[in-house]
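Here's a quick briefing to read alongside the model. Keep the structure open and click along as you go.

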Amino acid sequence: MTEDVETVERVTGTGVPVRGNDIDTDQIIPARFLKVVTFDGLGQFVFQDVRFTDDDEPKDHPFNEDRFRDASILVVNANFGCGSSREHAPQALKRWGIDAVVGESFAEIFAGNCLALGVPTVTADQAEIEALQEFVDENPDAEIDVDVDDETVSYGDREIDATVDDAQRRALVEGVWDTTALMKSNAEAVAETAASLPYIEAGAGGDA
């Protein structure tokens, strides 16, 4: 593994709780924002329709609270990220500043899209998640430590057992989650493999 490839063995930061089951990708980033050419700037629109009225007046939502402004660990409930398989949802969360999501369960495609960004989706049972959400509410400046490799979440004086999907854990810990960086770090091997393929004409791709 080269230094160009980033591993994600643990994530440490303050938390932000978003309560509710079945929060779908349309709530995370409404469909009208899917027209963007790039993902840059999507972070400001995360949870837009549940954060603001039609007149852009702020609603009561954790992402509007100053005490959670610098949070990097999102704590959610069951079936988070369900609905359409839009990759804009984890992109918006990542650009808002979220580096890990801890919850009861996640929609499979959402978790896969998070993995592509190096954002772990870590699960724990309902009681543990609700206790963590309460802790974050009462201690917004307290650090949470998500250990992807050991599959634990630590906060205050507690450490809880968590679960990271085996394939996701290996990809994050071994640094193979970022396929673009992985290919770049192995450019010579990629070129050699391409040159050995009978259906690839020499020079077909033009000069590098």
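The chain averages a pLDDT of 88, and 82% of the residues score at least 70; pLDDT is the predictor's confidence in each residue, on a scale from 0 to 100. This is a predicted model, so to speak of a local feature here you need pLDDT of at least 70, and side-chain atom pairs count only at pLDDT 80 or more, while totals for chains, interfaces and linings use all residues. Residues are numbered from 1 along each chain as its sequence is written, and side-chain values use heavy atoms, with hydrogens and water left out.

**Where to be careful**

- Residues 180–187 have a pLDDT below 50, and beyond near neighbours in sequence this stretch has 10 contacts in the model (a contact means heavy atoms within 4.5 Å).

**The nonpolar core**

- A nonpolar core is a set of buried Ala, Val, Leu, Ile, Met, Phe, Trp, Tyr and Cys residues joined through side-chain atoms within 4.5 Å.
- Buried means under 20% relative accessible area, exposed means over 50%, and partly exposed is in between (1.4 Å probe, protein chains only).
- The largest core has 54 residues, and Phe-63, Leu-74, Phe-80 and Leu-93 touch the most other members.
- Take a look at Phe-80: leaving aside neighbours within four places in sequence, its contacts include Ile-23, Phe-47, Leu-74, Leu-93 and Phe-110.

- Helices (H or I, at least four residues) and strands (E, at least two) are DSSP runs, numbered from the N terminus.
- His-88 sits in helix H3 (residues 88–96) and is buried, with a relative accessible area of 13%.
- Setting aside neighbours within four places in sequence, His-88 is in contact with Ile-29, Phe-33, Leu-34, Val-36, Phe-39 and Leu-42.
- Gly-43 is 45 residues away from His-88 along the chain, and their C-alpha atoms are separated by 9.7 Å.
- In helix H4 (residues 108–115), the buried residues are Phe-110, Ala-111, Asn-113, Cys-114 and Leu-115.
- Those buried H4 residues pack against helix H1 (25–28), H3, strand E4 (121–123) and helix H6 (166–174).

**Salt bridges**

- The structure holds 12 salt bridges, each one a side-chain nitrogen of Lys or Arg within 4 Å of a carboxyl oxygen of Asp or Glu.
- Arg-19 and Glu-134 meet in a salt bridge at 3.3 Å, N to O. Arg-19 is in the loop between strand E1 (10–17) and H1, and Glu-134 is in helix H5 (residues 126–138), so the pair ties together parts that are 115 residues apart in sequence.
- Arg-19 also forms a salt bridge with Asp-137, where the closest N and O atoms are 2.9 Å apart. Asp-137 is in helix H5 too, so this pair ties together parts 118 residues apart in sequence.
- Arg-19, Glu-65, Arg-67, Glu-134 and Asp-137 are linked in a network of salt bridges.

**A hairpin to finish**

- Strands pair if DSSP finds at least two bridges between them; E6 (residues 152–155) and E7 (residues 158–161) are joined by four and run antiparallel.
- Thr-152 stands opposite Asp-161 in E7.
- E6 and E7 form a hairpin with two residues between them, and Gly-156 in the turn has a positive phi of about 55°.
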